[in-house]
Amino acid sequence: MPSPICLSVSQAPRLPKAGETIHGHKFFIGFGGKGANQCVQAARMGAKTAMVCKVGRDVFGNDYIQNFKNNGISTAYVEQTENAATGAASIIVNDTGENAIVIVAGANMLLGQEELQRAQSAIVNAKVLVCQLEINPDASLQALRMAKENHVKTIFNPAPAIADLHSDFYKASDVFCCNESEAELLTGLSVTSVEDASRVGLELLHRSCGSVIITLGPQGCVVCESTNTAPKHIPTTAVTAADTTVRLRLTVDISWLARFGLEVCSPCQPSELDPIRIYMRFTWANSDWANI
């Protein structure tokens, strides 16, 4: 259940202040959106993937559909509409990899019950469903429920986070993956350290998630699982950030590919296909997998 977003990216020495105009040194247009990035990355790692989404009947929508096809992704359930433009985002990235982003969801917000019903066969026959909140939250929740009722494993990335998230999102999530700011908004608890993330992870786990991953940027992540509630801190190898927008999306993909046994991560052996080992091996070192 992705969110196709066409990106206009400007790179500059620093982020501008309010009302300020500055010179940048690079500009490009690309393909993004959390869900779309997750699907493209999974496909590039060898998973068989399909998109359930909506784009505008415009040049960006046409280009995005072709981009999916170029990455070997099924577009049987990608629909176009004349009632809204393809989702778009304006991004500024500074020289240290920090960013500022404005998203206009556009056609993404028109994905609803009718489209889900047309895609039902794909959802209920999948091994894994990945959802986030860049589309209508009701559509995401309906898809998660549909998957759970048919014993499909579910991954939910609550981004952009909303404070009054419906309790059924937790119950419908086999893996609930969020970053520090999202976790703080969802729980009201500050997350500035591994210890904070452990406490917040357990709080989210108690809301009936199967497992919780709290990503912590350079500090790695904390994993809490219903089968073993002791929080696990997974440190990371220091890297130079090219663009921090892709990190959480990579975490989502690596966690589900590892957790549900898609043996596509050579040279890993099957015994190594657990979230911790795959996370440490791939998540932070492979930011070049970004869709853009």
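Biologist: How are H7 and H8 oriented to each other in this structure?

Modeller: In this predicted model, the axes of helix H7 (residues 180–187) and helix H8 (residues 194–205) come within 10 Å and cross at roughly 55°. Angles under 35 degrees count as roughly parallel and 65 to 115 as roughly perpendicular. H7 and H8 are therefore oblique to each other.

Biologist: Which residues of H8 make the contact with H7, and what is the handedness of the crossing?

Modeller: The crossing of the two helices, H7 and H8, is left-handed. On the H7 side, the contact is made by Ala183, Leu186 and Thr187. The partners contributed by H8 are Val200, Glu203 and Leu204.

Biologist: By class, how many nonpolar residues does the contact of H7 with H8 have?

Modeller: The contact of H7 with H8 includes 1 polar and 1 charged residue. The nonpolar residues in this contact number 4.

Biologist: Does Cys221 count as buried or exposed, and what of Cys224?

Modeller: Buried means under 20% relative accessible area. Cys221 has 1% relative accessibility and therefore counts as buried. Cys224 is also at 1% relative accessibility, so Cys224 counts as buried.

Notes
Residues numbered from 1 in each chain as written. Predicted model: local features only at pLDDT ≥ 70, side-chain atom pairs only at ≥ 80, totals over all residues. Heavy atoms only, no water. Axes fitted to C-alpha atoms, helices over the stretch in contact; angles between N-to-C directions. Helix = DSSP H or I, 4+ residues; strand = E, 2+ residues; numbered from the N terminus. Parallel < 35°, antiparallel > 145°, perpendicular 65-115°, else oblique. Left-handed = near helix turned anticlockwise from the far one by under 90°. Contact = heavy atoms within 4.5 Å. Nonpolar A, V, L, I, M, F, W, Y, C, P; charged D, E, K, R; others polar. Buried < 20%, exposed > 50% of the residue type's maximum accessible area, 1.4 Å probe, protein only.
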